[in-house]
Amino acid sequence: ALMRFAIAIHGAPFSHQGAQSAYRFALATLAAGHRIGRIFFYQDGVHNGNRLITPAQDELNLPDCWQTLAEQHEIELVVCIAAAARRGVLDQREAARHQHPAANLAPGFTLSGLGQWIDALAESDRFIAFGP
């Protein structure tokens with residue numbers, strides 16, 4: 001039977017394998033015909049939504065990969081607002097609110113609270129978390 005998944009990512013790209021494993025899991029899940037409603041980036045996982053990440057040319061650019069996946073499969077990319085603010089990942093509104101000169105949240109990602117994760121769990125058949 002086809003299922004609806006929610007995924008949580010707790011690890012930053014390039015410092016832990018979790019984020020890349022989550023991406024590969026998402027690809028395989030979608031290829032098998034399942035749905036992913038929401039991906040929630042928490043703790044150091046918020047760095048996956050940093051538009052300023054600039055990996056070497058031979059490395060996977062995970063923020064770009066998540067954006068493409070979300071666009072193609074209508075997946076919500078939700079970044080925990082509290083964890084993101086602590087780690088300097090801000091959208092335009094939060095940057096202005098904290099009087100920072102720039103925002104760096106990648107397009108396609110949204111800042112929100114843990115309530116979004118709770119909602120995702122309620123709407124899903126399965127959830128899986130990746131991280132350190």
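Here is a short walk through this predicted model, from its sheet to its helices.

Let's begin with the sheet. Strands of a sheet pair through backbone hydrogen bonds, either parallel or antiparallel. Here, five strands form an open sheet in the order S4-S3-S2-S1-S5, and their pairing is parallel. At the edges you will find strand S4 (109-112) and strand S5 (126-130), each of which pairs on one side only. From one strand to the next, the twist averages 25 degrees.

Now look at one pair in detail. Strand S1 (residues 4-9) joins strand S2 (residues 35-41) through six bridges, in the parallel sense. Within this pair, Ile9 stands opposite Phe41 in S2.

What lies across the strands? Helix H5 (residues 115-123) lies across S1, S2, strand S3 (76-80), S4 and S5, and it runs at about 155 degrees to S2.

Next, find helix H1 (residues 18-31), which holds Thr29. Is Thr29 buried or exposed? Its relative accessible area is 5%, and buried means under 20%, so Thr29 is buried. Leaving aside residues up to four places away in sequence, Thr29 touches Phe5, His34 and Ile36.

Finally, see how two helices meet. Two packed helices are described by the angle between their axes and the distance between the axes. The axes of H1 and helix H2 (residues 62-73) come within 11 Å and cross at roughly 20 degrees. Angles under 35 degrees count as roughly parallel, so H1 and H2 are roughly parallel to each other. The crossing of H1 past H2 is left-handed. Residues making the contact include Ala19, Tyr23 and Leu27 of H1 and Trp66 and Leu69 of H2. Sorted by class, this contact of H1 with H2 has 10 nonpolar, two polar and no charged residues.

Key: Residues are numbered from 1 along each chain as its sequence is written. This is a predicted model: local features need pLDDT of at least 70, side-chain atom pairs count only at pLDDT 80 or more; totals for chains, interfaces and linings use all residues. Side-chain values use heavy atoms; hydrogens and water are left out. Two strands pair if DSSP finds at least two bridges between them. Helices (H or I, at least four residues) and strands (E, at least two) are DSSP runs, numbered from the N terminus. Axes are lines fitted to C-alpha atoms, for helices over the stretch in contact, and angles run from 0 to 180 degrees between N-to-C directions. Contact means heavy atoms within 4.5 Å. Buried means under 20% relative accessible area, exposed over 50%, partly exposed in between (1.4 Å probe, protein chains only). Angles under 35 degrees count as roughly parallel, over 145 as roughly antiparallel, 65 to 115 as roughly perpendicular and the rest as oblique. A crossing is left-handed if the near helix is turned anticlockwise from the far one by less than a right angle, and right-handed if clockwise. Ala, Val, Leu, Ile, Met, Phe, Trp, Tyr, Cys and Pro count as nonpolar, Asp, Glu, Lys and Arg as charged, and the others, Gly among them, as polar.
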